[in-house]
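Let's take a walk through this model together, with the sequence and coordinates side by side.

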Amino acid sequence: MASVSAPSAALSPHRTSASAALLFPYPCFSPRVSPAPTARPRRLAVSARAMPWPHVLTVAGSDSGAGAGIQADIKACAALGAYCSSVITAVTAQNTVGVQGVHAVPEEFVGEQLKSVLADMSVDVVKTGMLPSAGIVKVLCENLRKFPVKALVVDPVMVSTSGDTLSGPSTLATYRDELFPMADIVTPNVKEASKLLGDVSLQTISDMRSAAESIYKLGPKHVLVKGGDMPDSTDAIDVFFDGEEFIELHGLRIKTSNTHGTGCTLASCIAAELAKGATMLHAVEVAKKFVESALYHSKDLVIGNGPQGPFDHLFSLNSPLHKMGSLHKFNPDDLFLYAVTDSGMNKKWGRSIKDAVKAAIEGGATIVQLREKDTETREFLEAAKACVEICRSSGVPLLINDRVDVALACNADGVHVGQSDMPAWEVRELLGPGKIIGVSCKTPAQAGQAWKDGADYIGCGGVFPTTTKANNPTLGFEGLRTVCLASKLPVVAIGGINTGNAGSVMELGLPNLKGVAVVSALFDRECVATETRSLRSILMNACSRS
Ligand SMILES: Cc1ncc(COP(=O)(O)OP(=O)(O)O)c(N)n1
Ligand SMILES: Cc1ncsc1CCOP(=O)(O)O
Ligand SMILES: [Mg+2]
């Protein structure tokens with residue numbers, strides 16, 4: 001199988017927001033209106049054919065309850081903006097209780113479906129789900145050799161989440177010998193990984209790593225061992241292996257019984273992202289975030305009477321407050337140069353909030369917070385919407401200070417709150433798991449609470465005296481060090497930081513101190529871009545020294 005092509009715009013660690021915007025290009029399905037006759041109708045036809053659309057072919061079983069299988073795959077691809085064709089390998093009678101019956105489609109007819117789709121349509125990525133017999137696996141491999149695609153995603157579905165067998169032991173050898181060597185990624189959960197490796201016991205993250213390595217040796221280019229079923233863990237941890245490096249992917253474990261179809265959905269999302277041109281790791285990260293968000297938004301859904309319900313893949317269509325456009329995987333490195341605006345300072349220098357943000361980004365700010373204490377809500381929201389656009393197009397996350405309502409209305413990437421603002425856990429309830437939440441902390445206890453509440457980072461300060469925030473106690477280096485050492489979350493230092501002292505803050509060498517947040521040193525100056533550039537180069541030099 002040809003390897004996955006790199007995305008046309010390389011994704012740097014600081015550019016996740018822009019990539020998220022690109023990755024969720026909600027296709028605008030305008031109603032089909034017959035165009036009035038024009039002089040050149042042929043042109044329209046030509047340009048329509050010239051527009052390629054990311055295309056995933058799922059080769060899987062039908063789930064009559066529509067939570068998993070083909071139905072989940074189509075919904076997941078639709079949600080991420082990819083077209084999804086389908087080759088059905090089996091029809092299952094299934095609901096929220098379990099699998100009541102399986103009717104495998106004859107091999108020849110699976111082959112006929114494959115040929116129909118692959119010979120005619122430009123499929124980018126093939127994703128496999130339930131392959132009920134060794135014969136069907138072989139037919140698939142033959143067709144993939146005849147009609148090569150950009151990538152093959154193999155979800156080795158063997159047992160349903162209800163515990164029913166979907167693919168017998170006789171297919172295992174064919175999976176391992178024929179399909180895996182063609183795969184770009186294989187995505188077993190721990191139970192499947194254990195089965196694939198002869199019922200080895202997988203209890204720990206270290207076991208998951210060993211399993212990923214052993215499966216990699218069977219031939220796929222990447223392996224993702226999913227740890228959602230691991231006991232006693234508060235996070236949902238998956239292990240990704242590319243043959244060189246193991247990456248642990250941490251996610252929130254959402255408390256819900258509506259988890260039927262998560263495996264199919266994750267693999268389909270990976271396929272959709274690959275079809276759109278993402279790199280493998282990025283595709284996996286987006287897919288994981290998507291599943292987490294879908295589970296979160298569907299946690300209270302009631303469909304069926306059984307123990308495991310389906311979830312809503314198209315939640316974003318019904319939930320304008322959680323638009324997918326901002327699904328942003330938080331990267332702690334984004335805290336490196338945190339520009340925090342101040343309306344008073346910008347007014348003093350005769351610039352708008354929007355121009356201030358543009359200049360900070362031009363100078364190299366890696367994250368922006370709108371801290372507008374004296375701006376009327378209407379004006380603030382308008383400015384915030386304009387800043388969201390600027391930040392998205394530059395790949396810089398935009399957070400709103402204090403105002404959860406404004407953040408929701410402008411679909412910002414997150415919110416920063418302090419100890420007297422809305423508690424972080426309430427903010428998380430309102431924003432959902434896909435947004436970034438920062439909390440100001442001056443003590444280890446506050447840092448611990450921020451972690452429990454589901455925050456992504458903490459702001460710690462004032463490190464130095466400041467006139468920007470009234471009555472703000474100064475913690476000094478010792479206070480900063482104490483909080484950093486106690487914090488399980490990444491930290492950004494704030495308060496009185498400028499080009500003269502920023503280097504000394506970073507040179508403290510505290511491992512989770514990821515950057516500095518600055519107001520007056522950038523915005524109470526004539527040229528914001530120049531000041532930001534100077535501060536950035538000081539920070540970079542300090543980091544290279546420490
Ligand atoms: C990055 C960052 N850290 C700390 C703060 C301070 O927030 P808070 O304590 O809520 O005070 P106000 O900014 O609301 O006055 C921050 N804004 N950003
Ligand atoms: C908002 C805030 N929180 C703690 S100190 C501070 C003000 C930082 O402003 P400056 O960078 O101008 O000192
Ligand atoms: Mg506040």
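Which strands each supply at least two residues of the shell around ligand 1? They are strand 10, strand 13, strand 14 (436-440) and strand 16 (491-494). Before going further, please note that this is a predicted model, in which local features need pLDDT of at least 70, side-chain atom pairs count only at pLDDT 80 or more, and totals for chains, interfaces and linings use all residues. Residues are numbered from 1 along each chain as its sequence is written, while chains are lettered from A and ligands numbered from 1 in the order in which they are written. Helices (H or I, at least four residues) and strands (E, at least two) are DSSP runs, numbered from the N terminus.

**The two ligand shells**

There are 17 residues around ligand 1, and Gly418, Ser440, Gly459, Ile494 and Ala517 come nearest. A residue counts as near a molecule or strand if its C-beta atom, placed from the backbone, lies within 6 Å of it. By class, the shell around ligand 1 has six nonpolar, seven polar and four charged residues. Here Ala, Val, Leu, Ile, Met, Phe, Trp, Tyr, Cys and Pro count as nonpolar, Asp, Glu, Lys and Arg as charged, and the others, Gly among them, as polar.

Around ligand 2 there are 14 residues, of which Thr466, Thr468, Gly495, Val519 and Ser520 come nearest. The shell around ligand 2 holds five nonpolar residues, eight polar and one charged.

**The barrel**

Eight strands form a closed barrel in the order 10-11-12-13-14-15-16-17, with parallel pairing. Neighbouring strands of this sheet are turned by 25 degrees against each other on average, direction ignored. Two strands pair if DSSP finds at least two bridges between them. One example is strand 12 (residues 398-401) with strand 13 (residues 414-417), which pair in the parallel sense over three bridges. Asn401 has His416 in strand 13 as its bridge partner.

Helix 21 (residues 528-545) lies across strand 10 (337-340) and strand 17 (513-518), and runs at about 150 degrees to strand 10.

**Helix pairs**

Two packed helices are described by the angle between their axes and the distance between the axes. The axes are lines fitted to C-alpha atoms, for helices over the stretch in contact, and angles run from 0 to 180 degrees between N-to-C directions.

| Helix pair | Axes come within | Crossing angle, roughly |
|---|---|---|
| helix 5 (residues 134-146) and helix 6 (residues 169-179) | 8 Å | 20 degrees |
| helix 13 (residues 353-363) and helix 21 | 7 Å | 35 degrees |
| helix 17 (residues 444-452) and helix 18 | 8 Å | 35 degrees |

Residues are in contact if their C-beta atoms, placed from the backbone, lie within 7 Å. In helix 5, Ala134, Val137, Lys138 and Cys141 meet Ser170, Thr171, Thr174, Tyr175, Glu178 and Leu179 of helix 6. This contact of helix 5 with helix 6 has five nonpolar, three polar and two charged residues.

Helix 13 brings Ala356, Ala359, Ala360, Glu362 and Gly363 to Val528, Ala529, Thr530, Glu531, Thr532, Arg533 and Arg536 in helix 21. By class, the contact of helix 13 with helix 21 has five nonpolar, three polar and four charged residues.

From helix 17, Pro444, Ala447 and Gly448 meet Thr482, Val483 and Ala486 in helix 18. The contact of helix 17 with helix 18 has four nonpolar, two polar and no charged residues.

**Backbone details to check**

Most residues other than glycine have a negative phi, and most peptide bonds are trans. Asp402 is not a glycine, yet has a positive phi of about 65 degrees. Asp402 sits in the loop between strand 12 and helix 15 (404-410). A cis peptide bond joins Gly461 and Gly462, with omega about -5 degrees. Gly462 is found in the loop between strand 15 (457-461) and helix 18 (476-486).

Definitions and conventions. Contact = placed C-beta atoms within 7 Å.
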